[in-house]
Amino acid sequence: RGVAGVGLLLVAGEEVDHAGARAAAALGLAPAYVVIGEPTEGRQVRLQKGLLKLRLTTAGKACHSGYPEEGHSAIDDLVELLHELKHEAWPSDPALGATTLNIGLLRGGQAANALAERAEATLMFRAVGQPAKLRARVERAVAKYPGATLAVVTANSPVRLHLSASQDARSAVTAAFNTDAAYLDLGDRCKQVLVGPGSILHAHCPTEQVGVAELAAAARQYARLAVELLAEEEEE
């Protein structure tokens, strides 16, 4: 349409370590707005939950499983630790809902006939408050198991996002998933809008998809949104 002042920023690593967003934040860009595309069914997001991704490791002493008294199973410790964390009363928030915990990855042991020398789990909290407080509670649980360690993979607090003038605040949504928003720091004046085609309920499952018609509608929505945000900037 010949509209000036609009650019396209492509980043990678959002599902892993947000490396692309971190790199983009170091480029010195200073836009008034950034629109982040995520599957929100075309509705803008007012709040997104925070995140705490942890790797827990437990240590054991390997021995023949016929003589368990000669060793100690790292897997036994890890199972007990994870059970404790899953049954912990984690905080909730009126706007963001409950803190949730997912045990996403498990590794451990060397053979079925031996006590495990090492075991590891990767966890992800969807946080409604400061991740440091969750980490402190996990650290207290980990400390009960000799040789157990905790490593933070990534962490960010909840994010409040900008709603454009055309977005009815009553139909704006809260996202329980994480995005690049917490890492795409493009300056104090930059307002972040989170919206895109598709449903998050189709993500990370066998039916992951975004319909062609949804993509076409999103292209039109993004064009209208760009014009609207440019007008907002001129009015400020």
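This is a predicted model: local features need pLDDT of at least 70, side-chain atom pairs count only at pLDDT 80 or more; totals for chains, interfaces and linings use all residues.
Residues are numbered from 1 along each chain as its sequence is written, and side-chain values use heavy atoms, leaving out hydrogens and water.

I begin with the chain as a whole. Along its principal axes, the C-alpha trace spans about 75 × 35 × 35 Å. The radius of gyration is 22 Å, whereas a compact globule of 236 residues would have a value near 18 Å. That radius is taken over C-alpha atoms, and the globule rule is 2.2 Å times the number of residues to the power 0.38.

Of the 236 residues, 37% are buried. Buried means under 20% relative accessible area, exposed means over 50%, and partly exposed lies in between, with a 1.4 Å probe and protein chains only. Among contacts in the chain with a separation of 6 or more, 80% are between residues 24 or more positions apart, a contact being heavy atoms within 4.5 Å.

I turn now to the sheet. What is the order of its three strands? The open sheet runs β9-β2-β10, with mixed pairing. The edge strands, β9 (159-160) and β10 (173-175), each pair on one side only. Two strands pair if DSSP finds at least two bridges between them. Strand β2 (residues 45-48) is joined to β10 by three bridges, and these two strands run parallel. Val45 has Val173 as its bridge partner in β10, and Gln48 has Ala175 there. Towards β9, strand β2 has two bridges and runs antiparallel; in this pairing, the partner of Gln48 is Val159.

Finally, consider two histidines. His18 has a phi near 60°, a positive value in a residue other than glycine, and lies in the segment before α1 (19-25). His204 also has a positive phi, of about 60°, although it is not a glycine; its place is in the loop between β11 (191-194) and α4 (212-235). Is His204 buried or exposed? At 60% relative accessibility, His204 counts as exposed. His18, by contrast, is buried, with a relative accessible area of 3%.

Definitions and conventions. Helices (H or I, at least four residues) and strands (E, at least two) are DSSP runs, numbered from the N terminus.
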